[in-house]
Amino acid sequence: MKMPKLKDLRIDEEGTRKIRAAMAKVKKVKITVNIDEETIFKLKKRSEETGIPYQNLLNRLLKEILNRSDSKHTYEYRLSRLEKEISQLRKKKPA
């Protein structure tokens, strides 16, 4: 992908204000967590690549994983789907 020239970039001040206002409304809690060196290294590397501070990136990743598990991908849903598929396969199995 071709990188845009700095002189061609425009600052969206209105959009930036809206994002900052939304971020200010979100309550955050400070915690201490132990993360292995390899994981934090990868997280900080991805942070540099994306330009997102690593703590914000970690928060996004955790949210994404938790939201995914809250949706149709819960264990109960997956188990019931597997049981249904097994039942259908047994019906189709030639005698």
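Predicted model: local features only at pLDDT ≥ 70, side-chain atom pairs only at ≥ 80, totals over all residues.
## Ser47 in helix α2

Ser47 lies in helix α2, which spans residues 37–50. Its relative accessible area is 11%, so Ser47 is classed as buried, the cut-off being under 20%.

The side chain of Ser47 comes to 2.4 Å from the backbone oxygen of Ile52. When neighbours within four places in sequence are set aside, the contacts of Ser47 are Ile52, Pro53, Tyr54 and Leu57.

## Lys25 in helix α1

Lys25 belongs to helix α1, residues 13–25. With a relative accessibility of 69%, Lys25 counts as exposed, because the threshold for that class is over 50%. Between Lys25 and Lys45 there are 28 Å in space, C-alpha to C-alpha, and the two are 20 residues apart in sequence.

## The largest pocket

The volume of the largest pocket is about 790 Å³. Its lining comprises 20 residues, of which Val29, Ile31, Gln55, Leu58 and Asn59 are the closest to the centre.

Helices α2 and α3 (54–70) each provide at least two lining residues of the largest pocket. The greatest contribution is that of α3, with eight residues. Classified by type, the lining of the largest pocket has eleven nonpolar, four polar and five charged residues.

## The second largest pocket

The second largest pocket has a volume of about 240 Å³. It is lined by Met23, Val26, Lys28, Gly51, Ile52, Pro53, Asn56, Asn59, Arg60 and Lys63.

Helix α3 supplies the largest share of this lining, four residues. By class, the lining of the second largest pocket consists of four nonpolar, three polar and three charged residues.

Definitions and conventions: Residues numbered from 1 in each chain as written. Heavy atoms only, no water. Buried < 20%, exposed > 50% of the residue type's maximum accessible area, 1.4 Å probe, protein only. Polar contact = N/O pair within 3.5 Å; in protein donor to acceptor, adjacent residues only side chain to side chain. Contact = heavy atoms within 4.5 Å. 1 Å grid on protein atoms, 1.4 Å probe; cavity = no way out; pocket = protein on both sides within 12 Å on 5 of 7 lines; lining within 4 Å. Points joined across faces, edges and corners; volume = space filled by probe spheres on them. Nonpolar A, V, L, I, M, F, W, Y, C, P; charged D, E, K, R; others polar.
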